[in-house]
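Me: I have a model open and want to go through it with you. Can we take it piece by piece?

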Amino acid sequence: LLAPIVGVIAACLTFKSNCTAGNHCYDGAALVAVCCAAWLAHVIVHICFLKYILPLCGVRSHDNEKLAGVTYKECATFLPATWFSTNPVHCLRSKYIFKHNPPCDFYRCGREDLIRANPS
């Protein structure tokens with residue numbers, strides 16, 4: 001999670017805006033407390049957003065009962081973006097180290113028709 005790291009930005013902005021025109025003016029321990037409160041508030045809001053709001057906008061989970069019994073080979077026939085085809089290191093190893101014929105082709109969105117089948 002990046003919430004604590006990005007929360008440091010909120011604390012730094014609070015510190016930087018201290019005693020500027022129209023803003024608060026704290027000294028010593030009060031300034032540290034306000035910066036810590038800004039950090040904590042940001043972390044809480046960030047985590048709540050990730051946990052409760054973002055799932056409402058995201059992709060729905062797949063129904064596992066429909067996928068039960070489907071093998072990886074069958075799934076790869078209609079979903080070209082597999083772990084192997086989206087991993088450039090695997091594609092390079094397939095071509096240069098294992099010398100597969102044809103090698104594992106790298107997946108590019110919109111270019112699925114260029115992926116060659118390798119039944120082995």
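Me: How many salt bridges does the count come to?
Reply: The count comes to one salt bridge, where a salt bridge is a side-chain nitrogen of Lys or Arg within 4 Å of a carboxyl oxygen of Asp or Glu. Bear in mind that this is a predicted model, in which local features need pLDDT of at least 70, side-chain atom pairs count only at pLDDT 80 or more, and totals for chains, interfaces and linings use all residues. Residues are numbered from 1 along each chain as its sequence is written, and side-chain values use heavy atoms, with hydrogens and water left out.

Me: Which side chains meet in that salt bridge?
Reply: Those of D105 and R116, at 2.7 Å from N to O. D105 and R116 both sit in the segment after α5, 11 residues apart.

Me: Is D105 buried or exposed?
Reply: D105 has 14% relative accessibility, so it counts as buried. The cut-offs are under 20% relative accessible area for buried, over 50% for exposed, and partly exposed in between, with a 1.4 Å probe and protein chains only.

Me: And what does R116 count as?
Reply: Partly exposed, because its relative accessibility is 46%.

Me: Switching to the fold. How many helices and strands?
Reply: Five helices and zero strands, running α-α-α-α-α from the N terminus. Helices (H or I, at least four residues) and strands (E, at least two) are DSSP runs, numbered from the N terminus.

Me: Why call it more spread out than a compact globule?
Reply: Because the radius of gyration is 25 Å, well over the 14 Å that the globule rule gives for 120 residues. That radius is taken over C-alpha atoms, and the rule is 2.2 Å times the number of residues to the power 0.38. The C-alpha atoms fill a box of roughly 70 × 40 × 25 Å along the principal axes.

Me: What share of the residues is buried?
Reply: Buried residues are 16% of the 120. The accessible surface comes to about 9,600 Å², and 67% of that belongs to carbon and sulfur atoms. Areas come from the Shrake-Rupley method with a 1.4 Å probe; for residues, only the protein chains shown count as cover.

Me: Which residues make the nonpolar surface patch?
Reply: L1, I47, F49, L50, Y52, I53, L54 and L56 make a patch of about 810 Å². Patches use residues with over 30% relative accessible area and no salt bridge; like charges are joined within 9 Å, and nonpolar side chains (Val, Leu, Ile, Met, Phe, Trp, Tyr) within 5 Å.

Me: Where does I47 lie?
Reply: In helix α2, residues 28–57. I47 is partly exposed, at a relative accessible area of 35%.

Me: Now α5. Which residues there are buried?
Reply: H90, C91 and S94, in a helix that covers residues 88–97. These buried residues fall within an arc of 105° seen down the axis of α5, so they line one face of the helix. The arc is that of the directions from the helix axis to the C-beta atoms. V89, L92, Y96 and I97 are exposed on the other side of α5.

Me: What is H90 in contact with?
Reply: F84 and C104, leaving aside neighbours within four places in sequence. Contact means heavy atoms within 4.5 Å. H90 counts as buried because its relative accessibility is 16%.

Me: Last one. How far apart are T77 and A117?
Reply: They are 40 residues apart in sequence and 8.8 Å apart in space, C-alpha to C-alpha. T77 lies in helix α4, residues 72–78, and counts as exposed at 66% relative accessibility.
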